[in-house]
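Me: I have a model open and would like to go through its contacts and its secondary structure with you. Could you start with the terms you will be using?

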Amino acid sequence: MRARITSGELPPRTLVSEVQLEAEFGVARGTVRKATAALREDGLLITTPGMGSFVADQPSTD
């Protein structure tokens, strides 16, 4: 996920679905939540209660 976000494959404001991640990677919901928490701590995701997790705007590299 980190590589997809930093490469731009997942552009800013893209919804990150826990259910889709579970299915894609074949892991439990708890594992997905730990991963999204780590990405949130690194500023790559923003989670809005009741809305979900979204890819954060990345600072420009200009």
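Reply: A polar contact here is a pair of N or O atoms within 3.5 Å; within protein, one of them must be able to donate a hydrogen and the other to accept it, and residues adjacent in sequence count only if both atoms are side-chain atoms. This is a predicted model, in which local features need pLDDT of at least 70 and side-chain atom pairs count only at pLDDT 80 or more, while totals for chains, interfaces and linings use all residues. Residues are numbered from 1 along each chain as its sequence is written, and side-chain values use heavy atoms, with hydrogens and water left out.

Me: At what angle do H2 and H3 pack?
Reply: Helix H2 and helix H3 (residues 29-41) pack at an angle of about 110°, with their axes 9 Å apart; axes are lines fitted to C-alpha atoms, for helices over the stretch in contact, and angles run from 0 to 180 degrees between N-to-C directions. H2 and H3 are therefore roughly perpendicular to each other, since angles under 35 degrees count as roughly parallel, over 145 as roughly antiparallel, 65 to 115 as roughly perpendicular and the rest as oblique. On the H2 side, Glu 18, Val 19, Leu 21 and Glu 22 meet Arg 29, Val 32, Arg 33 and Thr 36 in H3.

Me: What happens at the start of H2?
Reply: At the start of H2 (residues 18-25), a side-chain oxygen of Ser 17 comes to within 3.3 Å of the backbone nitrogen of Val 19. After H2 comes Gly 26, which has a positive phi near 65°.

Me: Switching to the strands, in what order do they form the sheet?
Reply: The three strands form an open sheet in the order S1-S3-S2, with antiparallel pairing, where two strands pair if DSSP finds at least two bridges between them. S1 and S2 stand at the edges, each with a single partner strand, so one side of each is left without a neighbour in the sheet.

Me: How many bridges join S1 to S3?
Reply: Two bridges join S1 (residues 15-16) to S3, with Val 16 opposite Ser 53 and Leu 15 opposite Phe 54. S2 (residues 45-48) pairs with S3 over four bridges, and Ile 46 stands opposite Phe 54 there.

Me: Is Ser 53 buried or exposed?
Reply: Ser 53, which is in S3 (residues 52-55), is buried because its relative accessible area is 9%. The side chains of Ser 53 and Thr 47 are joined by a polar contact of 2.7 Å.

Terms used. Buried < 20%, exposed > 50% of the residue type's maximum accessible area, 1.4 Å probe, protein only. Contact = heavy atoms within 4.5 Å.
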